[in-house]
Amino acid sequence: MSRFVCDVCGEEVAVHEGILTWTRDNATLSNFKLTHKKDTRHGCQPESNNRFKDLYTLTMINGYLEFIKYLIDRWENGFSLKDAESLEKVFEQLNLHMHEKVILLTEDDE
């Protein structure tokens, strides 16, 4: 299965240890970061970001689609995206995971 890599420290992030955070202010979404949750071992989670979604939730089809819907709803309501590269980087990791998950679901059990 695909691995997730922390945008801050560069180490592997286990699904249950990860979090996606971003900033939402003045009709702008920015600074998307996939990191370790803040704990005694990791201080990677950006404190300035004011929105979050657990990585575990995002790796499930419903959670992934819910996040996409959140973004579409914001853009429909006039929000803009600042620092698109940060969101693209997050989606590169999530999309690889989702692709592998679909392949596993559709493989023949021969």
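In this predicted model, four strands form an open sheet in the order β5-β3-β4-β6, and their pairing is mixed. The edges of the sheet are held by β5 (51-54) and β6 (80-81), each of which pairs on one side only. Helix α2, spanning residues 61-76, packs on this sheet and touches β3, β4, β5 and β6. The direction of α2 makes about 160 degrees with that of β4.

Turning to the pairing of β3 with β4, strand β3 covers residues 18-25 and strand β4 covers residues 28-36. The two run antiparallel and are joined by seven bridges. Within this pairing, Thr23 finds its bridge partner in Ser30 of β4. As a reminder, strands of a sheet pair through backbone hydrogen bonds, either parallel or antiparallel. A further helix, α3 (residues 84-106), lies across β3, β4 and β6 and runs at about 40 degrees to β4.

The cysteines deserve a look of their own. Searching the whole structure for disulfides gives zero. For Cys6, the closest cysteine sulfur belongs to Cys44, and the separation of 3.7 Å is too far for a bond, because a disulfide requires the sulfur atoms to lie within 2.5 Å. Cys9 has its closest cysteine sulfur in Cys6, at 3.8 Å, and this too is too far for a bond. As for accessibility, Cys6 counts as buried, with a relative value of 3%, whereas Cys9 counts as partly exposed at 33%.

Notes: Residues are numbered from 1 along each chain as its sequence is written. This is a predicted model: local features need pLDDT of at least 70, side-chain atom pairs count only at pLDDT 80 or more; totals for chains, interfaces and linings use all residues. Side-chain values use heavy atoms; hydrogens and water are left out. Buried means under 20% relative accessible area, exposed over 50%, partly exposed in between (1.4 Å probe, protein chains only). Two strands pair if DSSP finds at least two bridges between them. Contact means heavy atoms within 4.5 Å. Axes are lines fitted to C-alpha atoms, for helices over the stretch in contact, and angles run from 0 to 180 degrees between N-to-C directions.
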